[in-house]
Amino acid sequence: MLRWIGDFFRERLRTNDICARQGGEEFVILLPETDTEGATKIAESLRQQFENHALEYNDGEIRFTCSFGVSALADFANDSLESLLKRADKVLYQAKGDGRNRVMVN
């Protein structure tokens, strides 16, 4: 499953974007030179594609959803990668708490 998710994102992201598993079922996607609006559009597109894509398993298929927490370095002066990830993680958990399968922006 994790390999399928990694392949799913890798096939859909730009060559300069970075996708990495952060732990458990969470992934981090870094979108260089992308502002909050652009990152939100990419996250929403990925969310919709993920929701509409199925993993074939045995004689059937499995469908999944995903949630995204979006934050951008450009929105906060003198920011660090660590604080960026914390902000994104915070809104990700808000998205999960609000029902999942959504994009939340910091």
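Guide: Terms come before anything else. Helices (H or I, at least four residues) and strands (E, at least two) are DSSP runs, numbered from the N terminus. This is a predicted model, where local features need pLDDT of at least 70, side-chain atom pairs count only at pLDDT 80 or more, and totals for chains, interfaces and linings use all residues. Residues are numbered from 1 along each chain as its sequence is written, and side-chain values use heavy atoms, with hydrogens and water left out.

Visitor: Fine. Where does L2 lie?

Guide: L2 lies in helix α1.

Visitor: Buried, exposed or partly exposed?

Guide: L2 is partly exposed, because its relative accessible area is 37%. The classes are buried under 20% relative accessible area, exposed over 50%, and partly exposed in between (1.4 Å probe, protein chains only).

Visitor: What is L2 in contact with, leaving aside its neighbours within four places in sequence?

Guide: With those neighbours set aside, L2 is in contact with R21, G24 and F27. Contact means heavy atoms within 4.5 Å. F27 is 25 residues apart from L2 along the chain, and their C-alpha atoms are separated by 9.9 Å.

Visitor: Which residues of α1 are buried?

Guide: W4, I5, G6, F8 and F9. They pack against β1 (18-23), β2, α2, β3 (54-57) and β5.

Visitor: On to α2. How far apart are its end C-alpha atoms?

Guide: They are 22 Å apart, which agrees with the 22 Å that its 16 residues should span at 1.5 Å a residue. The expected span is 1.5 Å times one less than the number of residues in the helix.

Visitor: And which α2 residues are buried?

Guide: The buried set is T36, A39, A43, L46, R47 and F50. They cover an arc of only 105° around the axis, so they sit on the same side of α2. That arc is taken from the directions from the helix axis to the C-beta atoms. The cover over these residues includes α1, β2, β5 and β6 (103-105).

Visitor: What does the face turned away from the buried side carry?

Guide: There α2 has the exposed residues E37 and K41.

Visitor: What about E44, buried or partly exposed?

Guide: E44, in helix α2, is partly exposed, with a relative accessible area of 25%. E44 and S67 are 23 residues apart in sequence, and 9.1 Å lies between their C-alpha atoms.

Visitor: Now α3. Which residues there are buried?

Guide: L84, R87, A88, V91, L92, A95 and K96. They pack against β2, β5 and β6. The 17 residues of α3 should span 24 Å at 1.5 Å a residue, and the end C-alpha atoms are 24 Å apart, which agrees.

Visitor: K96 is on that list. What is its relative accessible area?

Guide: K96 has 18%, so it counts as buried. Leaving aside neighbours within four places in sequence, K96 is in contact with E25 and E26.

Visitor: Which residue with a positive phi follows α3?

Guide: G99, with phi near 120°. N101 also has a positive phi, about 55°, although it is not a glycine. N101 is in the loop between α3 and β6.

Visitor: Where is E33?

Guide: E33 is in the loop between β2 and α2. Its phi is near 55°, positive in a residue other than glycine. E33 counts as exposed because its relative accessibility is 86%. For background, most residues other than glycine have a negative phi.

Visitor: Which elements give two or more residues to the lining?

Guide: α1 (2-12), β2 (26-30), α2 (36-51), β5 (68-70) and α3 (81-97). α3 gives the most, with seven residues.

Visitor: How do the lining residues divide?

Guide: Into 27 nonpolar, seven polar and seven charged. Ala, Val, Leu, Ile, Met, Phe, Trp, Tyr, Cys and Pro count as nonpolar, Asp, Glu, Lys and Arg as charged, and the others, Gly among them, as polar.
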